[in-house]
Amino acid sequence: QLQLVESGGGLVQPEGSLRLSCEASGFTLDYYTIAWFRQAPGKERDWVSTISSSGGTTKHADSIKGRFTISKDIAKNTVYLQMNNLKPDDTGVYYCAAQWSGSGSTWTPFLGTEFHFWGQGTQVTVFS
């Protein structure tokens, strides 16, 4: 059974850092594109970052460019989101999502409708 489990969320002060993890089970990341999305209270879900199945192509939303980095560890079958210089506007539930794209793909979509498999989310709260 394909499963995504996020972890690493928590409370942090502005300018702080967190690293989120998205551990996959039931499938290998070699064949899947993975993305991070987030949803703030009362707001729609927003795309954050995407990494291709090849790992060689990444995309980031303008709001987090230069602060967040997406990466993956094939050996651990895990995708990470390193978040630096956090701001209160980064507060929300962070979800990872997966979609089959084949091995070596450079496909990096940013629409939630492109992804069929989702984790349960991890809460990130940035407070001053």
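E15 is placed in the loop between β2 (10-12) and β3; strands are DSSP runs of E of at least two residues, numbered from the N terminus. The model is predicted, so local features need pLDDT of at least 70 and side-chain atom pairs pLDDT 80 or more, while totals for chains, interfaces and linings use all residues. Residues are numbered from 1 along each chain as its sequence is written, and side-chain values use heavy atoms, without hydrogens and water.

E15 is not a glycine, yet its phi is positive, about 75°. Most residues other than glycine have a negative phi. E15 is exposed, with a relative accessible area of 66% (exposed is over 50%, buried under 20%, partly exposed in between, with a 1.4 Å probe and protein chains only). N77, in the loop between β7 and β8, also has a positive phi, about 50°, without being a glycine. N77 is buried, at 14% relative accessible area.

## Disulfide

The whole structure contains one disulfide, defined as a pair of cysteine sulfur atoms within 2.5 Å. C22 and C96 form this bond, with an S to S distance of 2.1 Å. The torsion about their S-S bond is about 70°, so the disulfide is right-handed. Because C22 lies in strand β3 (residues 18-25) and C96 in strand β9 (residues 92-100), the pair ties together parts that are 74 residues apart in sequence. C22 is buried at 1% relative accessibility, and C96 is buried at 0%.

## Nonpolar core

A nonpolar core is a set of buried Ala, Val, Leu, Ile, Met, Phe, Trp, Tyr and Cys residues joined through side-chain atoms within 4.5 Å. The largest one here has 31 residues, and W36, F68, V79, L81, M83 and Y94 have the most contacts inside it. Two or more residues of this core come from each of β3, β4 (32-39), β5 (45-51), β7 (68-73), β8 (78-83), β9 and β11 (122-126). β4 gives the largest share, five residues.

The surroundings of F68 can be listed. Leaving aside neighbours within four places in sequence, F68 is in contact (heavy atoms within 4.5 Å) with R38, V48, H60, L81, Q82, M83, N84, L86, D90 and Y94.

## Aromatic rings

Five aromatic pairs are found in the whole structure. Rings of Phe, Tyr and Trp (its six-membered ring) pair if their centres lie within 6.5 Å; planes under 30 degrees apart are stacked, over 60 edge-to-face, and the rest tilted. Y32 and F117 have ring centres 6.4 Å apart and planes at 65°, so this pair is edge-to-face. Y32 in strand β4 and F117 in strand β10 (residues 117-118) are 85 residues apart. Y32 is buried at 13% relative accessible area, whereas F117 is partly exposed at 32%. The rings of W47 and F110 have centres 5.6 Å apart and planes at 50°, so the pair is tilted. W47 lies in strand β5 and F110 in the loop between β9 and β10, so the pair ties together parts 63 residues apart in sequence. W47 is buried at 18% and F110 is partly exposed at 46%. Ring pairs also link F27, Y32 and F117 into a cluster.

## Charges over rings

A charge sits over a ring if NZ of Lys or CZ of Arg is within 6 Å of the ring centre and within 35 degrees of the ring normal. The charged end of R19 sits over the ring of Y80, 4.1 Å from its centre. R45 lies over the face of F37, at 5.5 Å from the ring centre.

Conventions: Helices (H or I, at least four residues) and strands (E, at least two) are DSSP runs, numbered from the N terminus.
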